[in-house]
Amino acid sequence: MSSTQHTVPRPASAGYRGDIDGLRALSIIAVVLFHAGVSRVAGGYVGVDVFFVISGFLITGLLVREIERSGRVSMREFYARRIRRLLPLSFFTIIATLAGGMWLLPPVARESLVDDARAASLYVANWRYASKATAYSDTEVTDSLLVHFWSLAIEEQFYVLWPLLIIAGLGVARLLKQPTRRVLGVLLGTLGVASFAFSVVITNNEGVGAYYLTHTRLWEMAMGAGMALTMHKLPTLSRWGVEALGVGGLVLIAYAAMTFDESTPFPGSMALLPVVGCVAVLVAGSQGGGSVARVLATAPLRLIGRLSYAWYLVHWPSIGLLLLARERFDWGLGVGATTAFAVAASFGIAFVLHHAIENPVRHAHLLRDRSAPNFAMGAALTVAPLLFGALLISSVDRGDGPVIVASESGAIELVQTPAEALDDDTLASDSCHADIADTTPADGCVFGDTEGERTIVILGDSHARQWVDAIDEIGREEGWRVHAWTKSGCSIIDASIYLDSQERPYRECDEWREAVTDQVAEIGHVDLVVLARAAGYRNQIMNGGDVLAVEESPEHWHQAFSRTAETFTSLADDVVLLADTPWPGFSPPECLSERPADLTECSFPLQPAIRDLALLEVERPIADAFGVRIVDPVPLTCPDDPCAVVTDDGIITYRDSHHLTRTFTMSLLEDISAWLL
């Protein structure tokens with residue numbers, strides 16, 4: 001698009017700035033240390049925010065200088081440069097990770113890796129992980145070898161949106177006969193303010209969902225863009241002003257990296273610290289140097305900065321693949337040493353890739369002189385991982401075939417494949433199980449014999465839900481009317497809790513608990529209320545806005561369970577508290593898909609798996625006082641120590657690290673029925 005310019009300012013210098021490469025170096029070091037589990041850099045994820053600001057600064061400056069030089073923006077040239085810069089290394093990383101993951105991952109985890117690779121190749125990884133609602137800081141490296149592509153997806157989406165906005169601003173400037181930079185400042189500034197407002201609101205209300213979303217991150221690019229647009233008009237600072245700005249900016253970034261952690265609501269307003277810090281360093285560097293700019297521009301930091309893209313791409317899968325290899329081959333190095341070795345090796349790989357692939361492709365005359373070959377290469381590098389993943393997954397074991405395991409009593413053929421066990425979830429109560437965001441119990445949640453005279457109510461979290469299908473079947477057989485309301489991660493015990501998966505207070509749980517209690521009261525006569533809860537709440541109990549220390553939680557849980565017991569014993573003739581089942585701490589379907597030869601390899605010791613003893617110790621005297629029966633499911637789920645994950649009938653007992661399979665609970669109808677009498 002072309003335009004005649006009006007009152008064009010002198011273009012900002014496009015010269016190389018070594019301090020920006022140094023800033024990249026500090027950012028990637030922070031990210032890598034965070035991913036390596038270095039506790040002193042628990043907020044190292046803010047390095048990504050610094051990258052976002054730098055991208056906004058550089059891309060906007062590049063586009064505006066092109067406008068001021070030629071009166072137009074060449075979209076073909078812009079995207080050709082992006083293709084040369086980004087796709088060759090991302091292609092290599094995805095292909096190599098797919099190959100290594102197919103070899104080292106358990107069979108049932110391989111299809112998920114292919115799905116991750118597909119999202120990474122199409123640069124929509126952030127949407128995939130946002131939909132899974134798992135906090136970035138809670139994601140284990142071996143859970144998703146490509147999760148770090150979420151930030152590259154946001155960058156790519158930015159590269160699609162930003163030139164279009166620049167062109168739109170150019171058109172408005174022509175129409176209004178106003179300076180292009182002024183119009184762009186208003187346009188991009190408005191977008192940035194709106195994005196920041198979204199970021200604050202969504203972070204406060206939804207937590208982890210905000211982390212991966214494009215519209216909660218655009219303001220960070222807009223901050224960098226604002227600097228690119230206004231840098232030429234900034235007043236010249238004194239030497240001490242430059243020093244103060246540079247040092248202050250680095251301090252803000254370092255403070256965030258070293259004091260933030262997984263409990264910090266992020267991005268939201270807290271992201272202002274690294275973002276403003278980055279802007280301050282950029283401004284200081286534009287003012288003729290200063291000590292910070294000189295330090296950042298030293299050769300070692302410039303080298304790391306130039307390698308930052310390659311290192312970012314390969315460090316995460318390198319750590320994950322080596323940890324998977326360590327687990328499989330049981331070598332002598334511990335987790336920490338293996339991770340350290342992976343980090344060092346990934347830097348070496350990044351160095352090789354930078355010189356063997358990144359630079360040669362970026363500077364290839366064929367690609368620099370003509371746009372068409374770039375787009376052909378981009379299409380090929382995007383499609384190839386999709387085809388490679390499809391080919392791999394069609395030719396490897398995915399844990400979806402018949403399995404015969406060896407046990408002391410002889411060979412047992414599993415009644416379901418490990419892949420089927422992964423998805424063997426409760427069916428009957430699906431519409432009545434509230435997700436994290438839900439605050440209102442669903443209507444019509446009546447199961448069993450809907451005309452039955454005896455009324456049973458089941459309440460709790462997903463560990464209550466895992467029993468609903470069995471109780472539904474018992475209700476049909478016995479003529480019992482069954483109501484069931486459950487909610488993900490929400491304790492039915494009347495205590496406010498912290499939502500670890502989204503790193504914020506679980507306000508929706510408090511609202512839902514109050515609403516579902518009202519629902520029970522509206523039923524009228526209730527014969528039995530079954531309360532069930534998972535074991536992990538001891539570390540999540542809140543008092544006001546603070547998470548209680550473990551040693552302080554028993555007293556608060558005592559008060560909470562007293563309120564709960566008093567409430568439900570007044571609403572029902574009988575109340576049962578169903579204790580938690582043992583937690584294997586690993587995925588039995590994954591283990592069985594990988595080690596079917598010997599069933600004992602997937603068994604687990606009982607005592608470490610019983611995690612709710614501390615809660616039960618608090619609850620027992622209160623239960624006795626109010627006449628609440630406590631039912632222990634451990635003898636059913638683990639009759640022998642160590643606990644087998646396959647019954648003598650070939651049923652896999654767990655679908656993940658702590659939830660039972662529906663097939664297993666349906667095999668226990670007679671025993672479960674005895675709990676309800």
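The model is predicted, and local features are reported only at pLDDT of at least 70, side-chain atom pairs only at pLDDT 80 or more, while totals for chains, interfaces and linings use all residues. Residues are numbered from 1 along each chain as its sequence is written, and side-chain values use heavy atoms, with hydrogens and water left out. The mean pLDDT (the predictor's confidence in each residue, from 0 to 100) is 89 for the protein, and 94% of the residues reach 70 or more. Over residues 1-13 the pLDDT falls below 50, and this stretch has 29 contacts (heavy atoms within 4.5 Å) in the model beyond near neighbours in sequence. Where pLDDT is low, the predicted coordinates should not be read in detail.

Helices (H or I, at least four residues) and strands (E, at least two) are DSSP runs, numbered from the N terminus. Two strands are taken as paired if DSSP finds at least two bridges between them. Strand 5 covers residues 454-460, and six of its seven residues are buried, so the strand is largely enclosed by the rest of the structure. Buried here means under 20% relative accessible area, exposed over 50%, and partly exposed in between (1.4 Å probe, protein chains only). Strand 5 runs parallel to strand 6 (residues 480-487), and seven bridges join the two. Within this pairing, Arg 454 has Trp 480 as its bridge partner, and Thr 455 stands opposite Arg 481. Strand 5 is also joined to strand 9 (residues 526-532), again in parallel, by five bridges; here Ile 456 stands opposite Leu 528.

Strand 6 is likewise largely enclosed by the rest of the structure, because seven of its eight residues are buried. Besides strand 5, strand 6 pairs with strand 3 (residues 433-434), which runs parallel to it over two bridges, and Ala 434 of this pairing stands opposite Lys 487. Strand 4 (residues 446-448) pairs with strand 6 in the antiparallel sense over three bridges, with Val 482 as the bridge partner of Phe 447. In a regular strand the side chains alternate between the two faces of the sheet.

Two packed helices are described by the angle between their axes and the distance between the axes. Axes are lines fitted to C-alpha atoms, for helices over the stretch in contact, and angles run from 0 to 180 degrees between N-to-C directions. Helix 22 (residues 553-571) packs against helix 25 (residues 613-626) at an angle of about 35 degrees, and the axes lie 9 Å apart. The crossing of the two helices is right-handed, which means that the near helix is turned clockwise from the far one by less than a right angle. On the side of helix 22 the contact is made by Pro 554, Trp 557, His 558, Phe 561, Ser 562, Ala 565, Glu 566 and Thr 569, and on the side of helix 25 by Leu 615, Val 618, Glu 619, Ile 622, Ala 623 and Phe 626. These residues divide into nine nonpolar, three polar and two charged, where Ala, Val, Leu, Ile, Met, Phe, Trp, Tyr, Cys and Pro count as nonpolar, Asp, Glu, Lys and Arg as charged, and the others, Gly among them, as polar.

Thr 564 also lies in helix 22 and counts as buried at 2% relative accessibility. Leaving aside neighbours within four places in sequence, Thr 564 is in contact with Ile 492, Ile 493, Asp 494 and Leu 531. Pro 589, in helix 23 (residues 588-594), is buried with a relative accessible area of 0%. Its contacts beyond four places in sequence are Val 108, Pro 418, Ala 421, Leu 422, Tyr 654, Arg 655 and Asp 656. Pro 589 and Val 108 are separated by 481 residues in sequence, but their C-alpha atoms are 7.4 Å apart.

Cis peptide bonds were found in loops. The bond from Phe 266 to Pro 267 is cis, with omega near 10 degrees, and Pro 267 lies in the loop between helix 10 (239-259) and helix 11 (272-286). Asp 641 and Pro 642 are also joined by a cis peptide bond, with omega of about 5 degrees; Pro 642 belongs to the loop between helix 26 (634-637) and helix 27 (662-666).

Lys 177, which is not a glycine, has a positive phi of about 55 degrees. This residue is in the loop between helix 6 (149-176) and helix 7 (180-206) and is exposed at 60% relative accessibility. Asp 330 has a positive phi near 50 degrees, lies in the loop between helix 14 (308-329) and helix 15 (335-362), and is exposed with a relative accessible area of 66%.
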